[in-house]
Structures are given as C-alpha cells and as structure tokens.
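Q: I have a model open on my screen. Can you take me through how to read it, feature by feature?

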Amino acid sequence: MKKFLIGGAIAILLSTANPLNVQAASQVHTVLPGDTLWKIAQKYEVGLSELIDQNKQLQNPNIIYPGMKIMIPDMEAGRIFEKEVIRLVNIEREKVGVKPLKENWQLSRVARYKSKDMKEQGYFSHTSPIYGSPFEMIKNFGIKYSYAGENIAKGQRSPQEVVHSWMNSSGHRRNILNPNYTEIGVGFAKDERGTTYWTQMFIKPRNW
C-alpha cells in the first residue's frame with residue numbers, strides 16, 4: 001500500500017533588490033568511443049530530454065561520433081543549493097536519531113521540474129496544472145515508491161533559511177524527520193525578479 005504525505009507550503013515575501021546570484025558556465029563533453037547520449041546523461045546526472053534540448057545541433061540524437069562536442073545543461077549553481085539543503089536535512093535527522101537520507105539525483109530532477117513549473121506557471125501549490133499531484137508526477141517520471149512526500153517553499157534566500165522555515169512548521173518538519181523515507185530529491189529555481197522556489201521530495205523506493 002502506498003502512503004503519501006504533504007507537508008504544506010511556506011512562502012516568504014522578500015524584496016528583490018538583492019536577488020540570489022546563481023550562474024555557472026556550461027560543461028562540454030567530448031564524445032568517446034562507446035558513448036551514447038543516455039550514457040552521457042547518466043554520467044552528468046541530467047535528464048536525457050534536457051541533454052537533447054541543449055544540443056539542437058544534433059540532427060539525430062541517436063547517432064553521435066567520437067570527438068563530437070556535447071553541451072551539458074548549466075545546472076551546477078542550483079545543485080550547490082540543493083545539495084546543501086540535503087546536508088542540512090540530514091543534520092536535523094541526526095539530531096533525533098533518524099538515519100540520513102540518500103540523495104536520488106533522478107528524484108532531484110523531478111523536484112527541479114516542480115520548482116521550475118511553479119516559477120513558469122505562476123502558482124504555489126502541491127498540485128501542478130501540468131503534472132498533477134507530486135505523487136502522480138514522481139510516478140510519471142518513472143520512479144517507483146511505496147511511500148512518498150513533498151515540501152515546497154517560496155521566497156527563502158538560502159538553503160539555511162528554507163530548512164529553518166520548514167523545521168518551524170509541524171507538517172514540513174514531520175516530512176523531514178520521517179523515518180519511513182530513505183531517499184530525497186531537492187529542486188531549486190529562481191525567476192527573473194529573484195523570487196526563489198524550493199521543492200523537497202521524499203520517497204521509500206519500491207523495487208517490485
């Protein structure tokens with residue numbers, strides 16, 4: 001039986017005079033013998049669709065040759081914030097004797113899509129007008145689970161601030177400290193005005 005938990009939503013209204021500065025240079029991968037776009041996507045922990053979209057010069061994504069240059073989507077700066085959220089979450093779990101969560105990069109990809117979706121579609125809710133509930137979204141991205149939950153937040157300027165906000169809300173705190181979860185994904189997005197969007201997704205994977 002699948003179980004679902006939603007922690008609620010936290011929004012903070014902030015001045016945008018000093019937005020977060022999130023910039024990073026794109027990486028370039030030189031194709032090696034035996035490479036495929038799928039293997040390259042797995043190597044850099046990015047989605048295949050994002051990799052194809054970044055490389056519109058490819059006439060046929062199924063055919064690449066050694067020596068070709070493949071642009072890797074620019075995601076490193078956002079990942080710094082996402083990984084710090086995971087680190088801080090595991091510190092909170094350690095304080096109460098709960099096992100740390102393992103980062104699942106594919107789940108972080110889903111969480112990143114959710115944060116980006118909230119930014120682009122102009123909503124702040126667990127239910128996306130495009131992807132539906134977080135549980136439908138996780139499932140439709142091909143991730144199997146027996147237990148799942150989600151926290152979202154808006155407006156916090158740093159990983160420390162967003163984790164502090166979640167830990168001071170009973171529903172969000174319950175998700176963060178829930179011993180049933182074993183894996184976590186975190187997604188971060190920021191709009192042109194500097195407003196930030198944060199998504200945490202938690203799962204207990206199902207292998208059957």
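Q: How many helices and strands are there in the protein?
A: This is a predicted model. The protein has seven helices and seven strands.

Q: In what order do the elements run from the N terminus on?
A: Read them along the chain. The order is β-β-α-α-β-α-β-α-α-β-α-α-β-β.

Q: Which share of the contacts joins residues 24 or more positions apart?
A: Take the contacts with a separation of 6 or more. Of these, 73% join residues 24 or more positions apart.

Q: What share of the residues is buried?
A: Buried means under 20% relative accessible area. In the protein, 49% of the 208 residues are buried. The protein exposes about 11000 Å². Carbon and sulfur atoms supply 51% of that area.

Q: How many residues does the largest nonpolar core have?
A: Start with the general idea. In soluble globular proteins, nonpolar side chains tend to be buried together. Here, the largest nonpolar core has 20 residues. Val85, Val162, Trp166, Ile176, Ile184 and Trp198 have the most contacts inside it.

Q: Which elements give two or more residues to this core?
A: The helices are α3 (76-95), α6 (159-167) and α7 (170-177). The strands are β5 (145-154), β6 (183-190) and β7 (196-205). The largest share is five residues, from α3.

Q: What is Val162 in contact with, leaving aside its neighbours within four places in sequence?
A: Val162 contacts Val85, Ala153, Gln156 and Trp198. Val85 and Trp198 are also among the core residues with the most contacts.

Q: Is Asn104 buried or exposed?
A: Compare its relative accessible area with the cut-off. Asn104 has 14%, so it counts as buried. Asn104 lies in the loop between β4 (102-103) and α4 (105-121).

Q: What does the side chain of Asn104 lie 3.0 Å from?
A: Look for a polar partner. A polar atom of the Asn104 side chain lies 3.0 Å from the backbone nitrogen of Leu107. Now set aside residues up to four places away in sequence. Asn104 then touches Glu183, Ile184, Gly185 and Ile203.

Q: Where is Trp38, and is Trp38 buried or exposed?
A: Trp38 sits in helix α1 (residues 37-44). The cut-off for exposed is over 50% relative accessible area. Trp38 is at 52%, so it counts as exposed.

Q: Which residues form a nonpolar patch on the surface?
A: Trp38 forms one with Leu48 and Ile52. Together, Trp38, Leu48 and Ile52 have about 280 Å² of accessible area.

Notes
Residues numbered from 1 in each chain as written. Predicted model: local features only at pLDDT ≥ 70, side-chain atom pairs only at ≥ 80, totals over all residues. Heavy atoms only, no water. Patch = residues over 30% accessible without salt bridge, like charges linked within 9 Å, V, L, I, M, F, W, Y side chains within 5 Å. Areas by Shrake-Rupley, 256 points an atom, 1.4 Å probe, with all protein chains shown as cover. Salt bridge = Lys/Arg side-chain N within 4 Å of Asp/Glu carboxyl O. Helix = DSSP H or I, 4+ residues; strand = E, 2+ residues; numbered from the N terminus. Buried < 20%, exposed > 50% of the residue type's maximum accessible area, 1.4 Å probe, protein only. Core = buried A, V, L, I, M, F, W, Y, C linked by side-chain atoms within 4.5 Å. Contact = heavy atoms within 4.5 Å. Polar contact = N/O pair within 3.5 Å; in protein donor to acceptor, adjacent residues only side chain to side chain.
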